[in-house]
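Dear colleague,

Please find the structure below, handed over for your study. My findings follow directly after it.

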Amino acid sequence: MAQEFMDNSGAFDDWLEEDFERFQSTEQGSLIELPVLALRDAVMYPHMMVPLLVGRSTSLSAVEAAMEGGRRMIALTQRDQQVEEPGESDLYEIGTEIVIGRRLRMPDGSASIWVQGQRRVKVNRFLQHTPHLTAEATALEDHWEKSLSTEALMRAVLALFEKVVQLSHNLPEDAYVAAVNAEEPGLLADLVASIIDLDVPRRQELLEELDATRRLEHLSIELATELDVLELENRIQSQVQEGIDKGQREYFLREQIRVMQDELGEGDPFVEEVKDLREQLEGLALPEEIEKRATRELHRLEGLSSASPESGIIRTYLDWIISLPWSQQTEDSLDLEQAQRILDETHFGLPKAKERILEHMAVRQLAADKMKSPILCFVGPPGTGKTSLGRSIAKALGRSFVRVSLGGIRDEAEIRGHRRTYVGALPGRIIQTMRRAETINPVFMLDEIDKLGMDFRGDPAAALLEVLDPEQNASFSDHYLDVSYDLSQVLFITTANDIDPIPPALLDRMEVIEFPGYTEDEKISIARRFLIPRQLEQHGLEGQRIRFDTSALQEIIRSYTYEAGVRNLEREIAKVCRKLARRLAENNPFPRRITAESLDKYLGPPQIISPLAEERDEVGVATGLAWTEAGGDLMAIEVTLLPGKGMLMLTGQLGDVMQESAQTALSYVRSRAAQFGIDSEDFERLDIHVHLPEGAIPKDGPSAGITLATAMFSALLQKRVRRDVAMTGEITLRGNVLPVGGLREKILTAHRLGVKKVLLPKRNEKDLVELPPRRKLRGLELVLVSHMDEVLEHALLDPLEDGRASPAS
């Protein structure tokens with residue numbers, strides 16, 4: 001561009017001077033309406049004169065319009081040089097008003113024009129889009145202050161520019177002469193910017209800068225950078241010329257590359273990388289099999305070109321081999337007292353899980369070389385502390401803790417990885433997590449193991465059989481690594497809300513530790529020790545001496561949460577803290593004592609209403625106890641008699657097992673009809689409709705057997721069932737009551753919801769040891785029954801109480 005600036009014809013100069021004087025007389029800031037010429041890979045500056053080759057139809061139309069209307073145009077640079085037909089959004093807003101001096105039509109239909117920049121303009125809006133762009137623009141004033149600092153800056157730029165011209169082989173010496181004759185800082189900045197090598201965005205930034213002094217400052221930085229590059233090129237060129245024979249061109253090129261890399265402190269990147277990989281492999285204590293495999297892959301890599309796709313695959317494979325822990329391990333902390341203290345500080349209750357970990361540490365003390373790491377499975381409702389206890393166990397043992405969520409995984413390759421024949425193959429999650437652990441003996445938590453899926457891509461649960469088997473995981477095989485990896489020192493802990501979905505073969509490899517739901521007293525203790533202090537700290541209320549009354553915590557637990565854990569309890573406490581934090585931030589008074597009576601202001605009306613609160617002793621309605629993933633639940637069973645043909649109708653989305661329990665209960669009732677004074681013809685002329693409310697929720701299991709039978713007896717005998725009695729147990733055709741599961745959760749729910757008496761199978765007496773102390777279940781009577789007659793004795797009201805004579809009398 002410098003050559004073009006100096007090369008102009010006298011005729012063009014004579015014509016342009018007249019037009020430029022006429023243009024300069026126009027008032028600065030005036031509006032102009034001119035055709036737009038979109039520039040690609042170029043930025044036009046004021047006062048610069050350059051030739052342009054115009055080939056696009058829209059550009060040719062714009063040039064034609066300019067030639068007919070005063071030879072003036074607006075030159076705007078494209079944002080994206082690849083766009084063939086730029087629109088409004090494809091052009092920068094600030095450009096240069098130009099004047100066309102000479103146009104030469106070419107044989108191929110294009111045109112060559114000589115133009116000179118006049119002044120900077122900013123486009124306000126586009127007035128026309130076809131056949132070419134026309135815009136309304138405002139002229140921009142180039143401003144600067146005449147001062148000693150500006151004069152010094154101009155001299156500094158000239159000095160740097162002189163050195164650049166001297167060292168560069170592409171710039172003519174006349175360029176410096178032209179720069180010396182530029183008397184204004186704006187003209188000097190535009191001249192230098194148009195000559196030196198800059199990318200288009202940087203050129204556009206300089207064009208948009210209206211302060212000439214600041215443009216010079218930017219240019220001084222660019223010139224200094226360019227000067228450093230030119231000096232380095234000349235030094236490299238000199239070093240190369242001294243060490244090579246001028247006739248050997250290939251050797252010249254190679255030597256030049258070598259010297260450039262030496263200047264940067266680099267060698268051949270591929271050779272250096274292979275060398276680095278070899279050094280890293282030699283520094284690792286790899287097992288013999290892995291070392292042989294890694295060495296063989298490294299030899300293959302050395303024989304490949306850096307451009308080969310296979311080289312990238314091998315480099316990635318070796319990176320995985322190097323980054324995995326093969327022998328690095330942390331030393332276990334086997335101080336039982338310290339471990340007990342850490343577990344107690346972080347979690348309340350959970351005696352079985354804590355005891356199992358302390359037993360593991362004790363055995364490690366006595367026979368570390370002989371024992372195998374256990375595979376534990378924590379099973380319990382959400383929010384009972386399963387995942388967080390895993391972190392505490394890692395802290396107590398002094399090991400690193402890593403976690404993988406298995407929920408929703410359906411592809412076996414997620415566990416075992418993909419073979420290297422696939423593009424983008426990676427190891428499975430087990431190996432990826434081991435690399436993140438950086439030791440071979442972390443505490444490895446596999447979360448939500450009961451939520452694994454399965455589809456056409458394989459069964460992830462089957463892939464976990466090898467991982468969670470102490471007899472096999474010493475040689476775990478990942479498809480990507482294709483070598484054995486030792487997982488025998490890993491302490492695996494899995495978590496689940498329900499063990500039923502876990503395949504039997506996988507469940508058999510794990511030691512199940514149940515996490516029961518918390519009692520109300522336990523939740524209050526957890527809230528005071530952990531939840532409230534944590535929420536006060538997170539909400540900036542630590543020093544405000546805020547306290548929650550016990551009655552307030554009880555009300556939150558009973559009326560605002562319905563869970564076996566404490567997750568929602570913490571959310572409700574956080575909601576109260578947010579209300580207090582807002583008042584504190586607004587400098588408004590706020591209470592420092594949270595009472596049960598004030599909860600409505602913070603949490604709104606109670607969300608949970610006890611199912612017993614609005615019920616009466618009714619005929620045909622019995623209360624059963626159910627187990628859910630969230631803990632226990634009360635389940636009302638309704639039976640009504642309708643004229644019909646002796647049919648049994650079951651509604652409420654009952655599963656197959658529960659439907660069979662209802663059939664069994666009805667058969668038992670019919671077998672005892674004569675003894676209870678029930679007319680056998682009733683079963684022929686009446687339909688029995690059994691319904692369990694909340695029909696959108698699936699229900700299944702045998703534990704509602706005695707409840708179904710009680711509701712049927714109540715409907716047929718027209719005797720009310722006690723509203724404060726709940727029951728659970730499976731029934732047989734002979735009326736025997738069989739044991740059921742989930743006893744602890746069911747009893748805790750009954751106590752929480754105000755039930756006075758719970759009827760339990762006699763054979764579940766052994767499970768009562770898992771219950772909290774009786775003092776924590778005060779007000780709840782537990783009655784063990786072995787036959788249906790005992791259930792009816794406790795559940796049905798006597799004829800004297802309900803004012804009716806017994807049908808048997």
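C377 is buried, as its relative accessible area is 0%; buried stands for under 20% relative accessible area, exposed for over 50%, and partly exposed for what lies in between, with a 1.4 Å probe and protein chains only. C577 is also counted as buried, at 0% relative accessibility. The model is predicted, so local features need pLDDT of at least 70 and side-chain atom pairs count only at pLDDT 80 or more, while totals for chains, interfaces and linings use all residues. Residues are numbered from 1 along each chain as its sequence is written, and side-chain values use heavy atoms, with hydrogens and water left out.

How many disulfides does the structure hold? The number is zero, where a disulfide is a pair of cysteine sulfur atoms within 2.5 Å.

A224 lies in helix α8, which covers residues 212-243. Its relative accessibility is 31%, and therefore A224 counts as partly exposed. The C-alpha atoms of A224 and L160 are 6.8 Å apart, although 64 residues separate the two along the chain.

Turning to the chain as a whole, it has 29 helices and 26 strands; these are DSSP runs numbered from the N terminus, helices being H or I with at least four residues and strands being E with at least two. Of its 809 residues, 47% count as buried. Among contacts (heavy atoms within 4.5 Å) with a separation of 6 or more, 75% join residues 24 or more positions apart.

Yours sincerely
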